[in-house]
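The sequence and the structure are shown first, and the description follows.

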Amino acid sequence: MLLSSSEISSRLVSDLRLGVPIILFDKQQSVLAAAIETLSSEKLEKINQITKSKKFEIAITNRRAKVLNARIYNETVTRLSIEEKIDLHLLHAIADPSKDLDYPLKGPFQSERDGNFDIASLSLSLCKKARLLPALILVNISNRIKKELVSAQISECNIKNLKIKNEETAFLPSLSSAQLPISGHQKISLTVFRELTDLTEHYAIVFGNPKKIQPVLTRVHSACFTGDLLGSEKCDCGEQFSIAMSKMRNEGNGVLLYLNQEGRGIGLANKMRAYHLQNLGFDTVDANHRLGFEDDERDLEIAAKILKSLGVNDVKLMTNNPKKIELLTVNGITVKERVPLIVSINPNNETYLKTKAKKSGHLF
């Protein structure tokens with residue numbers, strides 16, 4: 001049975017999340033890849049037994065490579081060459097900055113200057129899609145070993161057929177929709193959408209009949225468990241969500257997209273790792289970099305596709321983030337107006353808000 005690119009990506013992401021290695025290949029080589037975060041001693045030993053390799057590589061982002069003082073030879077990925085048996089705890093320390101103080105002398109590392117960077121780069125993209133720390137071990141394997149692993153149900157993929165993003169459709173089809181009365185307001189519906197590449201679900205809270213209103217009051221809100229549900233004072237997310245909901249209820253029209261891209265797209269587990277680093281003195285951006293992520297890993301193409309599926313093309317965007325306007329515009333949504341979201345400042349979020357303004361360009 002032939003699988004689409006999205007189906008292939010979804011399976012690879014699921015396998016990495018479950019701690020199962022995958023095979024990525026092109027014309028030059030076949031590589032067995034395993035996410036370090038979900039790697040156990042038993043799995044590492046099994047990989048060593050199967051491949052009988054005395055050399056493997058660790059793929060990390062350039063952000064993490066800078067923290068580890070490893071040389072960078074490629075614009076997207078760094079490949080560390082390992083030619084000796086390595087302890088699993090050290091592997092985890094290479095991937096996870098919360099262990100930096102446990103292993104302060106991890107290097108020096110030998111970075112690969114030549115060879116294939118495409119497989120390593122794609123493996124990191126899959127790792128990020130799985131919301132795992134972006135670090136993997138890569139082992140070259142022969143065609144014989146590849147066939148044996150595929151027969152044992154290990155997923156394989158020719159990287160030329162692999163697309164990490166939902167590029168197959170201009171719209172994102174909805175799964176289900178129903179009316180949902182909120183705070184006495186009856187004309188509100190909740191529509192559920194699902195990404196094709198990793199099966200993440202996103203939600204559109206639709207007030208009234210916004211297709212008849214041009215432009216539509218819109219908020220693109222990323223899920224924030226700590227702020228939206230727990231009322232955390234470390235961020236402004238919960239307050240922004242409440243303000244947006246209140247304004248749309250009062251006006252009787254609007255679209256609030258609730259995207260499951262927690263922690264600017266790195267996931268709740270990694271967000272908590274970032275919070276731990278912030279408690280050690282790093283700001284929001286530096287904490288993400290230390291983990292191996294960019295400032296913002298969110299995919300706003302998803303938001304544009306959902307808006308188009310709802311028949312919304314022109315918006316009044318509730319945001320303090322100019323990059324949201326830019327990214328929606330690039331993906332075919334016309335932002336007619338920016339509606340500021342004024343939030344309160346407290347001792348716990350003051351540094352966070354200042355970092356947003358200084359390093360991420362947010363307008364307050």
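Helix α11 is mostly covered, with six of its eight residues buried. The model described here is a predicted one. The buried residues of α11 are Thr-284, Val-285, Ala-287, Asn-288, His-289 and Leu-291. Among the elements that cover them are α3 (62-67), α4 (88-95), α9 (262-265), α10 (268-279) and α14.

Two packed helices are described by the angle between their axes and the distance between the axes. The axes of α11 (residues 284-291) and α14 (residues 350-360) come within 8 Å and cross at roughly 75°. Because angles of 65 to 115 degrees count as roughly perpendicular, α11 is roughly perpendicular to α14. On the side of α11, Thr-284, Val-285 and Asp-286 make the contact, and on the side of α14 the residues are Tyr-352, Thr-355, Lys-359 and Ser-360. By class, the residues of this contact comprise two nonpolar, three polar and two charged.

Helix α3, one of the elements covering α11, contains Asn-62. Asn-62 has a relative accessible area of 13% and is therefore buried. Leaving aside residues up to four places away in sequence, Asn-62 touches Ile-72, Asn-74, Glu-75, Thr-76, Val-77 and Thr-78.

Rolling a probe the size of a water molecule over the atoms shows where empty space is left. How many cavities of 30 Å³ or more does the structure hold? There is one, and the volume of the largest cavity is about 40 Å³. Its lining consists of Leu-44, Asn-48, Ser-53, Lys-55, Phe-56, Ile-137 and Val-139. Helix α2 (41-51) and strand β6 (135-141) each supply at least two residues of that lining. Sorted by class, the lining of the largest cavity has four nonpolar, two polar and one charged residues.

## Residues in loops

Most residues other than glycine have a negative phi, and most peptide bonds are trans. Arg-131 belongs to the loop between α5 (118-129) and β6, whereas Ser-183 is placed in the loop between β8 (174-179) and β9 (188-194).

Lys-212 and Val-312 are 100 residues apart in sequence, and their C-alpha atoms are 9.4 Å apart in space.

| Residue | Relative accessibility | Class |
|---|---|---|
| Arg-131 | 22% | partly exposed |
| Ser-183 | 59% | exposed |
| Lys-212 | 69% | exposed |

Why does Arg-131 count as partly exposed? The class of exposed residues begins over 50% and that of buried residues lies under 20%, so Arg-131, at 22%, counts as partly exposed.

Note on methods:
Residues numbered from 1 in each chain as written. Predicted model: local features only at pLDDT ≥ 70, side-chain atom pairs only at ≥ 80, totals over all residues. Heavy atoms only, no water. Axes fitted to C-alpha atoms, helices over the stretch in contact; angles between N-to-C directions. Helix = DSSP H or I, 4+ residues; strand = E, 2+ residues; numbered from the N terminus. Parallel < 35°, antiparallel > 145°, perpendicular 65-115°, else oblique. Contact = heavy atoms within 4.5 Å. Nonpolar A, V, L, I, M, F, W, Y, C, P; charged D, E, K, R; others polar. 1 Å grid on protein atoms, 1.4 Å probe; cavity = no way out; pocket = protein on both sides within 12 Å on 5 of 7 lines; lining within 4 Å. Points joined across faces, edges and corners; volume = space filled by probe spheres on them. Buried < 20%, exposed > 50% of the residue type's maximum accessible area, 1.4 Å probe, protein only.
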